[in-house]
Every structure is written in structure tokens, then in C-alpha cells.
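Here is a friendly walk through a two-part model, from overall shape down to a single residue. Please keep the sequence and the structure open as you read.

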Amino acid sequence: MLTALLVMAGIAVMLGALLGYASIRFKVKGDPLVVKIDAILPQTQCGQCGFPGCKPYAQAIAKGEAEINQCPPGGEEGIRKLADLLGKEFKPLSAEHGVEKPKQVAFIDEAACIGCTLCTQACPVDAIVGAAKQMHTIVAPLCTGCELCVSPCPVDCISMVPVPETVETWKWRYPVVRMKAVEHA
Amino acid sequence: MLATLFKFEGGVKPDSHKDESSQAPIAAAPVPARLVVPLRQSAGNAPLPLVQPGQKVLKGEPIGAADGSFSAAVHAPTSGTVLALEPRTLPHPSGLSAACVVIAPDGEERWIERAPLDWRSASPEALRDRLRDMGIVGLGGATFPSHIKLKPGAAGRIETLVINGAECEPWITCDDRLMRERAEGIVRGIDILRHIVSAGRVLVGVEDNKPQAVAALRAAIAQSHGIEVVPVPTRYPAGGEKQLIRVLTGIEIPYGRFGSEYGVQCFNVGTAYSVHRAIEIGEPLVSRIVTVSGNVARPGNFETLIGTPIDALLALVAPKADTDRYIMGGPMMGFTLARTDLPVTKAANCILAASPALFPRPGTEMPCIRCGACTRACPAELQPHELYWFARSKNFGKAQEYHIFDCIECGCCAYVCPSNIRLVDYYRFAKTSMRALEREKAAADAARQRFEFRNLRSEREAKEKAERLAAKTAAARQAIAGGEKPAAAAMPAAPEQAQALPQLDEAKKALIAAAITRAQAQKEGVQPKNIDNLAPEKQAEIREIEARRAQVRELAKTPPEEPV
């Protein structure tokens with residue numbers, strides 16, 4: 001009887017020690033869920049969700065502090081992916097956070113630019129080149145289209161232009177089967 | 001010598017319809033009234049334009065320079081005047097436009113100075129650069145820049161050169177006619193290609209339904225050693241690069257790898273011929289042979305300047321009245337042209353006039369019954385029906401798992417499908433969507449990285465600024481405290497802590513006093529110095545002015561008089 005108890009207690013202590021060691025040895029740094037959510041978000045860093053960037057929003061979703069439908073650039077598809085990942089119900093994009101738009105990039109009217117650097121400070125991804133009293137310009141391939149540079153501009157020389165489809169970026173359309181109406185006899 | 005042939009899986013045997021266009025010799029298409037030359041005519045980067053509207057160009061003059069190594073130059077197909085450099089609709093399934101050079105020919109066909117290159121003594125690098133600057137791209141249809149394929153691969157050396165004369169797609173006979181009529185030039189081109197990669201063995205694969213081409217090539221290589229013409233069984237798609245390499249050498253190239261990694265590389269016969277023209281004559285690629293066939297009265301092959309409108313070619317063959325659409329490329333892999341005023345490009349091997357009788361539209365699409373006919377027909381050994389389900393449900397991850405990018409879009413699966421499912425359209429949709437998603441993902445990752453770096457930088461800047469400020473305050477405090485109370489120097493430097501501790505009030509007062517003294521000293525320092533050491537009369541003048549000023553100040557103090 002005593003032997004059995006001792007053996008069981010011994011096993012319990014050993015397994016406990018093993019688990020304790022494993023929890024230290026194989027500790028996962030950071031929240032893997034946040035990384036997964038962040039990977040789905042479009043990284044526009046526009047702040048339309050009400051958080052200062054995509055990662056803070058991902059953290060808020062992971063903590064359950066934010067809804068999954070607050071990201072207009074991610075659009076419906078992004079919400080679907082988030083719903084899939086988190087096992088939540090799909091819900092349409094929340095209207096107060098904005099509307100889904102086609103991809104666009106900022107464009108600076110270089111003749112009107114006074115070189116105030118306000119837009120370079122607003123750009124979350126350093127996609128604007130310029131210095132004080134020098135003309136600024138957008139590095140279009142880096143621009144995420146977040147529109148954060150538009151309102152700080154004191155001379156309203158920044159506009160958003162949609163990115164046109166080119167032969168390289170063109171996609172084949174989803175094949176559609178045309179249905180033929182059949183009249184009932 | 002009889003070579004051992006290998007087999008590829010699957011494939012189909014559609015009616016070849018080669019005789020329609022292969023009877024007449026290659027004719028030269030006339031120079032049209034306008035040439036529209038798209039700048040982008042090869043895989044890779046679009047060339048950089050070199051001409052301005054209004055500029056005169058000679059035949060063969062470069063109009064677009066290769067942008068980086070993954071690109072090929074573009075040349076003026078004839079002499080004339082550049083009318084415009086503007087976006088024009090391309091012969092592309094998208095129907096989108098891209099930059100084109102519009103040339104009005106002067107009818108003189110004046111060549112730029114053509115300089116042959118002695119390739120036997122030239123280095124492989126020089127030859128590759130020459131091919132890039134001559135705009136030589138794969139003429140089999142993929143328009144991959146040839147100089148890139150000639151770079152030595154991971155295996156170090158290309159042992160075997162495969163020359164593709166299979167021309168497996170029905171109706172197309174441009175390579176057949178080229179081999180029959182210009183076998184000499186092809187063989188000379190092969191010699192150059194072989195010299196560049198120093199390949200030991202050359203295998204020319206020709207489908208066995210082209211005996212005249214095989215005979216012509218064999219006659220031309222009589223004097224060359226190590227080139228072997230191998231008739232391969234006629235089975236579509238024997239002319240697929242990976243399929244032909246497999247049939248001739250038994251080497252299977254996995255997805256994402258290039259032939260050069262396995263010591264084998266493949267070139268089209270048309271490419272070999274244009275290599276010969278580019279190196280031994282100094283002529284850039286300004287024309288190609290185009291098969292124009294189908295529902296037409298006089299089908300044939302035409303040596304066509306790049307940029308010639310398809311309309312002009314069709315006028316030569318007289319399409320019949322019941323033609324309802326035109327196809328660019330073959331019936332298996334080609335696409336329907338939205339318009340016929342589009343230019344011929346380096347990729348255009350064939351223009352087909354289609355009538356409902358000759359090319360019946362596929363019947364109504366019916367559900368997939370998983371019969372597996374497509375799997376047996378697939379030359380890439382994929383499972384087309386599975387890919388169809390994944391592509392249809394937009395389950396791209398799964399489609400990738402089933403190797404959708406191995407698909408060569410040959411159309412065998414759709415050809416055999418008893419349910420008339422346009423399978424290739426689904427794969428094309430899935431592939432282009434996946435590429436777009438990949439691009440978006442790469443852009444998002446870059447944006448994330450840049451955003452994080454920016455945050456890091458602004459944090460670091462704020463920290464550095466705070467540190468600099470703290471250090472300055474501490475230094476000042478130490479300077480004052482140094483004289484009176486040395487203990488104050490050891491106190492923490494941050495201002496909010498200073499406020500919290502009452503004994504520091506003294507130190508703070510001292511700081512303020514020091515600042516005031518400093519400011520006063522500075523003020524005195526800027527006293528005007530230009531009144532010292534002046535002549536006595538000047539000093540008298542200054543005194544007079546000062547007196548006047550004092551008088552004015554006195555006046556200013558008295559209330560102003562009432563206006564009269």
C-alpha cells in the first residue's frame with residue numbers, strides 16, 4: 001500500500017518537474033495568435049480600425065477587445081479569413097470604420113508642394129521622400145494607400161489615385177457558366 | 001544511329017490540320033502603313049524606350065533597351081518615322097494596353113549598319129549580351145529571353161542542348177516551313193548556342209509527321225558533328241519543353257527548377273535561326289514567321305515584321321464569310337482576340353480564323369463526374385479534376401498542394417473532358433489569383449517591416465533626445481553644485497524627481513540664478529561695439545543723435561495733442 005502510494009507520488013513529482021521544465025524550455029515568445037492575425041491584416045497601417053497600426057489592432061482582436069470587422073482595406077475577404085481563424089461568425093464591415101475601396105496610392109502634385117514635411121511625418125511606412133523646403137514625392141511601390149498624408153497637407157496637393165490594372169497584374173476572371181432559360185412545357 | 005526515346009505520360013492526338021498551311025513556301029508579308037511595336041515583348045522587365053515621337057529610325061535600330069538582365073531589347077522593324085510612344089491595346093487575353101512605339105514606314109527598308117560577330121573567338125558573356133541587345137527571345141510562344149537560358153546553371157555545365165522542332169499544336173506550321181526552307185541557318189544557330197554553353201550533345205526533336213523537315217535538317221547538319229535529329233512520336237504536347245526534354249533524354253525536371261540545373265537546356269528552332277541572324281549577320285529580331293490558317297481561302301506562312309496589324313495578315317489569306325472569331329496561338333493554347341487591329345508580336349506564332357464548323361464552341365458545361373479522363377490525359381501527371389474543384393472553390397492553398405503551378409496549360413484535360421468543363425480557364429484563374437495574392441503578401445510584409453522600423457526609429461529618436469536633455473541638465477547642475485554643495489551633483493538629473501525632493505529647491509534656484517546671469521552676460525556681450533575708437537567728430541555726432549532720441553522719448557511720454 002505504502003509502496004504504491006510512494007510510487008504514484010514519485011511519478012507525479014517526476015511528471016510535474018518534467019512539465020515545469022518544458023514550460024520554461026519551450027516557452028513561446030510573443031502571442032502566436034497575434035502573429036497569425038497580423039499576417040491576415042493588410043498592413044496598410046491606416047488606423048481606420050481605431051488602433052495605431054495593424055499590430056495593435058491584431059493584439060486587440062486577440063484579447064477580444066475589438067471586433068473583426070473594423071478593417072476597411074482588408075475588406076470582406078479579410079473579415080472572412082479572420083472569422084475562419086478565430087472561429088467567429090462573419091459579419092459585414094462596420095460602416096463607422098470606413099468602406100472598402102480599390103487599391104490606390106497617394107500622389108503629390110509636385111508643383112504645388114511647399115516642402116513642409118508634414119506628410120513625411122504622417123506616413124507610417126516612410127514612403128515619402130522629401131526634406132524641409134524641398135519638393136516631396138511618393139515612392140509609389142511602397143505606398144500602402146492609407147490616406148494618412150492627405151489631411152495634414154496644408155496646400156491640399158496630395159490626392160489618392162487608383163492603381164490601374166496592367167498586363168502584369170491582370171488576373172483571369174473566374175469562369176462563369178452562362179445559364180440558358182428553359183421554358184416550362 | 002537510333003536514339004533511345006523515352007515517354008511522357010498522358011497527351012492527346014487531335015487532328016493535326018498541318019497540310020492546309022504547310023504546302024506553300026514562306027511568303028513575305030508586305031510592310032504595312034503603320035507598325036505598332038509593343039515595348040514589352042518578352043518575359044521579365046519591360047524595355048526602356050529609346051526613341052521620341054518625330055524621330056527617324058532605321059530598320060533594326062534599337063527602340064527599347066533591355067532593363068536589367070531579365071529583359072530583352074526591342075528594335076524598329078523597318079525604317080521610318082516614330083509617330084508616337086503611347087499605350088495601345090496588346091494582343092493579350094486581358095485586352096489591356098501598354099506602351100507601344102508607333103512607326104510610319106518610309107518604304108525604303110534601310111538597315112542600320114549590320115556588324116557580324118566572330119562567335120568562335122567571342123566569350124560566352126559577350127555573346128549573351130549580344131543576344132540580349134539583339135532582342136532574341138524564345139519564339140516557341142513563351143518569349144523567355146534566350147540569354148538567361150544560356151547562363152550556366154547550378155550543375156555548372158549544360159551537357160545536352162535540346163532543340164525544339166516538335167511543333168505539336170494543330171494547325172501551326174511556321175517551324176515546319178522554317179526547318180524545310182532554312183535548315184542551314186537553324187544549324188548555324190545551333191552551333192552558336194552550342195558554343196556558348198559548350199554542350200557536348202545536341203538533340204533536335206521533330207515530330208514524325210514532318211519528314212521533309214527532318215530530311216532538310218539532316219542534310220544541313222551533314223558536316224556538323226554531334227547534332228542529332230530525332231523524330232519523336234506525334235502526340236500533343238510533345239513540343240512542351242519539359243515533355244520534349246523527357247522524351248529525348250529521360251530527364252524529368254521538377255517544378256520551380258530550370259533545365260540548366262540538370263545539364264540540359266531547350267531552344268526552339270525559330271530561336272536558333274534568329275540567333276544565327278543576330279550573330280552571323282548582325283540582324284536583330286525584327287520579324288517572325290506567322291502561320292495564318294483556319295477558315296481562310298489561302299492559308300500559309302508569312303515572314304511578318306513585328307508590329308504588323310493582324311488585319312494586314314488576314315487580308316493576305318482571305319478569311320471565309322462564316323468566320324466568327326480569330327484565335328491567336330493554336331486551337332489548344334491560344335486565346336480569342338477581341339479585335340484584329342492588334343499588332344503581331346514576337347510571341348505570335350499563329351493566327352487562326354475560326355468558324356463554328358471548324359472550331360465548334362465547347363458544349364454546355366456539365367458537372368464533373370470524376371471520371372478521371374483528364375488525369376489520364378495530363379502530360380504533367382497532375383490530377384486535373386482535383387485542381388478543378390480547388391480552383392472552383394478558390395481553395396488556393398490546396399490547389400498549390402496539388403502542384404497547380406506544374407500545369408503547363410496545354411489544354412489536354414479540357415480536350416478530353418466529357419462534361420465540357422473549361423478546365424484550363426479555372427487553372428488560369430487560380431494561378432493568376434495566387435500570383436496576385438503572393439504579390440499582395442510580399443507588399444504587406446514589406447509594409448509591416450517598414451512600419452516597425454519607423455516605430456523603432458521614432459522611439460530611438462525620442463529616447464536619444466531625452467537623454468541629451470538630461471545630460472545637459474545634469475552637467476549644468478553639476479557646474480553650479482560643484483562650487484557650493486558637491487552632494488547635489490550626485491542627485492538624479494530628471495526634472496520631475498528634482499521637484500519631488502525639497503532639498504533640491506536650493507539647487508533649482510541656483511540653476512535659475514545661473515541662467516539669469518548667463519542671459520545678462522549674453523545681453524552685455526551683444527552691446528554694439530562699432531562706437532569704440534571713433535574719431536572725435538563722429539562721437540560728437542553720436543552724442544547729438546542720442547540727445548535727439550532722448551528728446552523724442554520725452555515727447556512720447558506727454559499725451560498727444562488734440563487734432564486740429
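The report below takes the chains in turn, then their domains, their contact and some local packing.

This is a predicted model, in which local features need pLDDT of at least 70 and side-chain atom pairs count only at pLDDT 80 or more, while totals for chains, interfaces and linings use all residues. Residues are numbered from 1 along each chain as its sequence is written, and chains are lettered from A and ligands numbered from 1 in the order in which they are written.

**The two chains**

Let us begin with chain A, whose secondary structure comes to five helices and four strands; helices (H or I, at least four residues) and strands (E, at least two) are DSSP runs, numbered from the N terminus. Read from the N terminus, its elements follow the order α-α-α-α-β-α-β-β-β. Chain A has a radius of gyration of 26 Å, well over the 16 Å that the globule rule gives for 185 residues, so it is more spread out than a compact globule. That radius is taken over C-alpha atoms, and the globule rule is 2.2 Å times the number of residues to the power 0.38.

Chain B comes to 17 helices and 17 strands.

A residue is buried if 20 or more other C-beta atoms lie within 10 Å of its own, exposed if 12 or fewer, and partly exposed in between, with C-beta atoms placed from the backbone.

| Chain | C-alpha span along principal axes | Buried residues |
|---|---|---|
| Chain A | about 90 × 75 × 35 Å | 23% of 185 residues |
| Chain B | about 115 × 60 × 60 Å | 43% of 564 residues |

How do contacts divide by sequence separation? Two residues are in contact if their C-beta atoms, placed from the backbone, lie within 7 Å. Among contacts in chain A between residues at least 6 apart in sequence, 57% join residues at least 24 apart. For chain B, residues 24 or more positions apart account for 71% of the contacts with a separation of 6 or more.

**Domains**

Domain bounds come from an automatic or database domain assignment. For chain A the assignment gives domain 1 (32-97) and domain 2 (104-162), and 26 Å separate their centres, taken over C-alpha atoms. Six residues from domain 1 of chain A and seven residues from domain 2 of chain A take part in the contact. On the domain 1 side, one residue is nonpolar, five are polar and none is charged. In this classing Ala, Val, Leu, Ile, Met, Phe, Trp, Tyr, Cys and Pro count as nonpolar, Asp, Glu, Lys and Arg as charged, and the others, Gly among them, as polar.

Chain B is divided into domain 1 (20-108 + 119-354) and domain 2 (366-520). Their C-alpha centres lie 43 Å apart. Here seven residues of domain 1 of chain B are in contact with 10 residues of domain 2 of chain B, and the domain 1 side has five nonpolar, two polar and no charged residues.

**Where the chains meet**

How many residues of chain A are in contact with chain B? There are 20 residues of chain A in contact with 20 residues of chain B. By class, the chain A side holds 10 nonpolar, six polar and four charged residues.

**Packing around helix H8 of chain B**

Helix H5 (residues 183-197) of chain B packs against helix H8 (residues 269-281) of chain B at an angle of about 80°, with their axes 7 Å apart. Axes are lines fitted to C-alpha atoms, for helices over the stretch in contact, and angles run from 0 to 180 degrees between N-to-C directions. H5(B) and H8(B) are therefore roughly perpendicular to each other; angles under 35 degrees count as roughly parallel, over 145 as roughly antiparallel, 65 to 115 as roughly perpendicular and the rest as oblique. Residues meeting here include Ile186(B) and Ile190(B) in H5(B), and Ala272(B) and His276(B) in H8(B). The residues of this contact divide into nine nonpolar, three polar and two charged.

Helix H2 (residues 124-133) of chain B also meets H8(B): their axes come within 10 Å and cross at roughly 110°. H2(B) and H8(B) are therefore roughly perpendicular to each other. Leu127(B), Arg130(B) and Leu131(B) of H2(B) make the contact with Val275(B), Ala278(B) and Ile279(B) of H8(B). Five of these residues are nonpolar, none is polar and one is charged.

Ser16(B) sits in the segment before helix H1 (19-22) of chain B. Is Ser16(B) buried or exposed? With 20 C-beta neighbours inside 10 Å, Ser16(B) counts as buried. Leaving aside residues up to four places away in sequence, Ser16(B) touches Pro170(B) and Asn209(B). Ser16(B) and Glu169(B) are 153 residues apart in sequence and 7.4 Å apart in space, C-alpha to C-alpha.
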